[in-house]
Amino acid sequence: MAVSSVGTGDSPNRIDEGSMVREDRPAEPTAGYDVSQQRIRQALAEVPVSRETESVEAERVSQERERERERPRSTGTVYGTRRRPDEYDDPSSGQAAPVLGATPPGRAAATGPAPLAADTTTAVPVTAPDEAPVSRETEPEDDLPLAMEARRAVEILNPSGAALIPRPAKRRVMCIANQKGGVGKTTTAVNLAVALALHGSRVLVVDLDPQGNASTGLSVEHHTGLNSVYDCLTDGLPLAEATQQVEGIPNLWCVPATIDLAGAEIELVSVVAREQRLKRAIESYPEPLDYVFIDCPPSLGLLTVNALVAAEEVLIPIQCEYYALEGLGQLLRNVELVKAHLNPAVWISTILLTMYDGRTKLADQVAQEVREHFGDVVLEAVIPRSVRVSEAPGYGQSVMTYDPGSRGATSYFDAAKQLAQRGAAAGGEA
């Protein structure tokens, strides 16, 4: 039936709302369309359909459904028994379902009492005690990353109190210095101090940087008005009165730094023997100590000179980049000047490579050049770039307590062990 458009201006593709039939489709099939339909009908008409086959198939399906309804629900109720064959339940087979304990067809009846239900279960082979299978859940999983991390954390935190790191025979005063900023001086001082204190060493950290980052990393108050290292340098306050106990670590103490320390260099200009002020304060400390770490500011001013005069050893953290090597020569010259005029006992005992990125060739080149130039002074432990190391100060912790199983904590722990072993080999153990 042809469908007419509504109005003369309607589009030929408009759909009539009454019949919902597109007008562009012809009302009557074309000749080709009609021929195609006829061929399909002829092909379907030539397909033979056996009515006998349909009736046989329907009868078979009906019989299967009837047997399914008559079949008992409980088949194979005893654990370990085989499911009874389907033909036993088939009424057309002429055989009744066997009774539990009865002799199966084709088998001679056994003499003796009928077996119980428990006797009909399938036998399970018993293995010898030494051949007993081991559950996968009980096998050691020491090689898993989580197990390795947990083992490292226990070793670093040392909950048993075992002395895994040797203590020195005498007090070691170490100055951590590098005039380049951002190489890891404060991070190294804090984490080495915590690692040694967790294993029995008595450690004092002197924060000589006006920024007070070491005090922040150890969660020690360092606001204006508190006794600090500034008062020890300018007013001669005993170091013990400015010392604070680090929370959670019994063998660790800290002398905080405040912003007042920024003006200490100007105030000390007219003071006699101004380079000796920190040395005298440390020597008068009454409590026995194993290590004193002095965290220096990123400069070669009077504060750093005080630290070099007070220390016996210098630890230089070197970032594995070119800029860190560029200013290293000036620091070495300053150490030689202090050794020649103010402190003959000071020497560069340790160099630690920090912020190592193994993905870059530059880090490998810097590490190789430093080791070739300084030799055995460079520690074997290398501190990698680690997000955990950067996150820890935000929580007032070192990485040793923030995430003891991380790569950064493990690297600093290895550095602390090497540092202690070198000192024990040079001067004996306590």
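Student: Is Arg385 buried, partly exposed or exposed?

Tutor: In this predicted model, Arg385 has a relative accessible area of 38% and is therefore partly exposed, since that class lies between the cut-offs of 20% and 50%.

Student: And which side chain does Arg385 meet in a salt bridge?

Tutor: The side chain of Arg385 meets that of Glu321, with an N to O distance of 3.1 Å. Glu321, at 29% relative accessibility, also counts as partly exposed.

Student: Where in the chain do Glu321 and Arg385 sit?

Tutor: Glu321 is in the loop between strand S6 (313-319) and helix H11 (322-326), while Arg385 is in the loop between S8 and H14, so that the pair, 64 residues apart, links distant parts of the chain.

Student: How many salt bridges does the structure hold?

Tutor: The structure holds 10 salt bridges. One of them joins the side chains of Arg388 and Asp403, again at 3.1 Å from N to O. Because Arg388 lies in helix H14 and Asp403 in the loop between helix H15 (399-402) and helix H16 (407-427), this pair ties together parts that are 15 residues apart in sequence.

Student: What about Lys417 and Asp414, how far apart are they in helix H16?

Tutor: Lys417 and Asp414 are three residues apart in helix H16, which means that about one helical turn separates them. Their side chains meet in a salt bridge at 4.0 Å, N to O. Lys417 is partly exposed at 22% relative accessibility, and Asp414 is partly exposed with a relative accessible area of 29%. Salt bridges with shared partners also bring in Glu155, so that Glu155, Asp414 and Lys417 form one network.

Student: Changing topic, what is the volume of the second largest pocket?

Tutor: The volume of the second largest pocket is about 580 Å³. It is lined by 31 residues, of which Gly184, Thr186, Thr187, Met355 and Val389 are the closest to its centre.

Student: Which element gives the largest share of that lining?

Tutor: Helix H4 gives the largest share, five residues. The elements that contribute two or more residues are helix H4 (185-197), helix H5 (213-217), strand S7 (347-356), strand S8 (378-384) and helix H14 (387-391).

Student: And how many of the lining residues are nonpolar, polar or charged?

Tutor: The lining of the second largest pocket divides into 13 nonpolar, 15 polar and three charged residues.

How values were computed
Residues are numbered from 1 along each chain as its sequence is written. This is a predicted model: local features need pLDDT of at least 70, side-chain atom pairs count only at pLDDT 80 or more; totals for chains, interfaces and linings use all residues. Side-chain values use heavy atoms; hydrogens and water are left out. On a 1 Å grid over the protein atoms alone, a cavity is a set of points where a 1.4 Å probe fits but cannot get out, and a pocket is an open set with protein on both sides within 12 Å along at least five of seven lines; lining residues have an atom within 4 Å of a point. Grid points are joined across faces, edges and corners, and a volume is the space filled by probe spheres set on the points. Helices (H or I, at least four residues) and strands (E, at least two) are DSSP runs, numbered from the N terminus. Ala, Val, Leu, Ile, Met, Phe, Trp, Tyr, Cys and Pro count as nonpolar, Asp, Glu, Lys and Arg as charged, and the others, Gly among them, as polar. Buried means under 20% relative accessible area, exposed over 50%, partly exposed in between (1.4 Å probe, protein chains only).
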